Amino acid sequence: MWQQKEITLIQFPRGFHIITDEIIKQIPNINNISTGLLHIFIKHTSASLTINEDADPTVRGDFEAHLNKIIPENEPHYKHTIEGSDDMPAHLKSSILGSSLSIPISNGKLNLGTWQGIYLCEHRNHGGRRKLVLSIHGE
Amino acid sequence: MWQQKEITLIQFPRGFHIITDEIIKQIPNINNISTGLLHIFIKHTSASLTINEDADPTVRGDFEAHLNKIIPENEPHYKHTIEGSDDMPAHLKSSILGSSLSIPISNGKLNLGTWQGIYLCEHRNHGGRRKLVLSIHGE
Amino acid sequence: MWQQKEITLIQFPRGFHIITDEIIKQIPNINNISTGLLHIFIKHTSASLTINEDADPTVRGDFEAHLNKIIPENEPHYKHTIEGSDDMPAHLKSSILGSSLSIPISNGKLNLGTWQGIYLCEHRNHGGRRKLVLSIHGE
């Protein structure tokens, strides 16, 4: 059994945001899947997806702060600068964190660990509304 | 054909550890799959999974040393500090390396390259026993 | 429906290279898939795969420059040095960017965003010809 849908998120400010509930709301039919996988793909090169702790919001702030330290704006070696100082760092961050996630579906539910949430990682100052492709397969 | 099982690893010390043989031991039925994928998911936010060289153990030591350099403990910008100085770096490392792997199954075996092994990346000093979800699908 | 094939790329110099057209040429049968996923796996530990901007070539140059800054050669803490100064950095880069990609297939085509291309990331000075396993499943 396959299902696929494309969704458009609300616009998020630069930073790390939990979208677990939004994703689950979009895939009510996983109730019928005993064993499978959910694949989430972001159709952009300056935002990304990851899984991390969803309890303490300071974790998301520390992600933003530390990635900005590792991948700062205005590095003298950047040549791709025409789209703004936040653009090339956004490309680098998006590849380091990744553009897709695969999560097991077990007994009709996402089989995430207790503290795991799905993060939308917005690396641009004004990234706009991001599009995701959700693909479910299983039996 | 789908199969899925949840396993609990032994406790590993902080660092990078090869678990290829343990994974293969847990999925004897891939012998029956001519074409498919194995998905491995870690249900934690302070440990991760990656694929890298499994021959020379100094590679794993260099992973630990270099990731500690890029993502040190006790950074002044960390606000998520209550769970210990190794906690926030563990969250960052786990997202940078990733929480899941997908590996091709070909003719009843994992189709890894000659030097590729599956690493359990333990980022906490005392991470405990980690849970993985193994999902196999194929034909 | 499953398909799988192993391909060998041409030899690329160290750096980041777009292989989207080469991948698409290798999988003509995705035309018949209305919903599915393409999985691409690289069978090496010193080269990797990622998705990023395919329009402006300076993006790829900036990837090479910035990853060399984060993960330099000849770090005093590296112990895995016998295979050359580019070897241990290549292992680190390959795990940070990742060894596989999963891309949605929708209506017979890869469902990539407008600016997304598939990058072969060659981290060695003389990496040779790299092998990929392409797995397609869908309906």
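**Close-up views of a predicted three-chain model**

**View 1. How the copies meet in the predicted model.** Only 13% of the interface residues of chain B are also interface residues in chain C, so the copies meet through different surfaces. Chain B can be superposed on chain C with an RMSD of 0.0 Å by a turn of 120° together with a shift of 0.0 Å along the axis, which is the relation of a three-fold axis. Among the residues of chain B, the one that comes closest to this rotation axis is I96(B), whose C-alpha lies at 3.5 Å.

**View 2. The open sheet of chain C.** Five strands with antiparallel pairing make up this sheet, in the order 1-8-3-5-6, and its edges are formed by strand 1 (2–11) and strand 6 (109–110), each of which pairs on one side only. Within the sheet, strand 3 (residues 35–42) and strand 5 (residues 100–106) run antiparallel and are joined by 7 bridges; in strand 5, L101(C) is the bridge partner of I40(C).

**View 3. Helix 2 of chain C and what covers its buried residues.** Helix 2 (residues 57–70) has 14 residues and reaches 21 Å from its first C-alpha to its last, close to the 20 Å expected at 1.5 Å a residue. Its buried residues are V59(C), R60(C), D62(C), F63(C), H66(C) and L67(C), and, seen down the helix axis, they fall within an arc of 160°, so they line one face of the helix. The elements covering these buried residues include helix 3 (87–97) of chain A, as well as strand 2 (15–18), strand 4 (47–53) and helix 3 (87–97) of chain C.

Terms used:
Residues are numbered from 1 along each chain as its sequence is written. Chains are lettered from A and ligands numbered from 1 in the order in which they are written. This is a predicted model: local features need pLDDT of at least 70, side-chain atom pairs count only at pLDDT 80 or more; totals for chains, interfaces and linings use all residues. Two strands pair if DSSP finds at least two bridges between them. Helices (H or I, at least four residues) and strands (E, at least two) are DSSP runs, numbered from the N terminus. Copies are superposed by least squares on the C-alpha atoms of residues with pLDDT of at least 70 in both. Two residues are in contact if their C-beta atoms, placed from the backbone, lie within 7 Å. The expected span of a helix is 1.5 Å times one less than its number of residues. A residue is buried if 20 or more other C-beta atoms lie within 10 Å of its own, exposed if 12 or fewer, and partly exposed in between; C-beta atoms are placed from the backbone. The arc is that of the directions from the helix axis to the C-beta atoms.
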